[in-house]
Amino acid sequence: MINFKKIVALSSSFGLVFGVYLPMISVPIVGNINLYTHNQWVALILLLIAVASTLILLLDKDTKWLFVMGISACLSLLYEFIAFQIKLSELKQQIQESLA
């Protein structure tokens, strides 16, 4: 029987896989930008974390290692968010300089 922690962990793992391909931003001229098209290395790391989490769930009875995988995924997403915000602010500054 699968307990509640494993159900939450498994659904989070599947959510991480689908989240990599969902659009981060939608711009009319450019189109949709998702994590995979923006930074393939971070997307690959997140996919590997999701696969490792699923394997840990299937092979190990204890869920303590899932905490490490969750923190790794959160740190990867935080890195990508900060990098995306920096790039967005640089683009805004370039647009303002070109209009001035």
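Helices here are DSSP runs of H or I with at least four residues, and strands are runs of E with at least two, numbered from the N terminus. With that in hand, take a walk along this predicted model: the order of elements is α-β-β-α-α-α. That gives four helices and two strands in total.

Now for the overall shape. The radius of gyration is 17 Å, whereas the globule rule gives 13 Å for 100 residues, so the protein is more spread out than a compact globule. The C-alpha trace tells you about its proportions, spanning about 65 × 25 × 20 Å along the principal axes.

Next, look at helix α4, which covers residues 64–99. Its 36 residues, at 1.5 Å each, should span 52 Å, and the end C-alpha atoms sit 53 Å apart, which agrees. What does α4 bury? Its buried residues are L66, M69, A73, S76, E80 and F84. These pack against α1 (4–21), β1 (23–27), α2 (35–38) and α3 (40–59).

Zooming back out, buried residues, meaning those under 20% relative accessible area, account for 25% of the 100 residues in the protein. If you take contacts between residues at least 6 apart in sequence, 53% of them link residues at least 24 apart.

Terms used: Residues numbered from 1 in each chain as written. Predicted model: local features only at pLDDT ≥ 70, side-chain atom pairs only at ≥ 80, totals over all residues. Heavy atoms only, no water. Rg over C-alpha atoms; globule rule 2.2 N^0.38 Å. Buried < 20%, exposed > 50% of the residue type's maximum accessible area, 1.4 Å probe, protein only. Contact = heavy atoms within 4.5 Å. Expected span 1.5 Å × (residues − 1).
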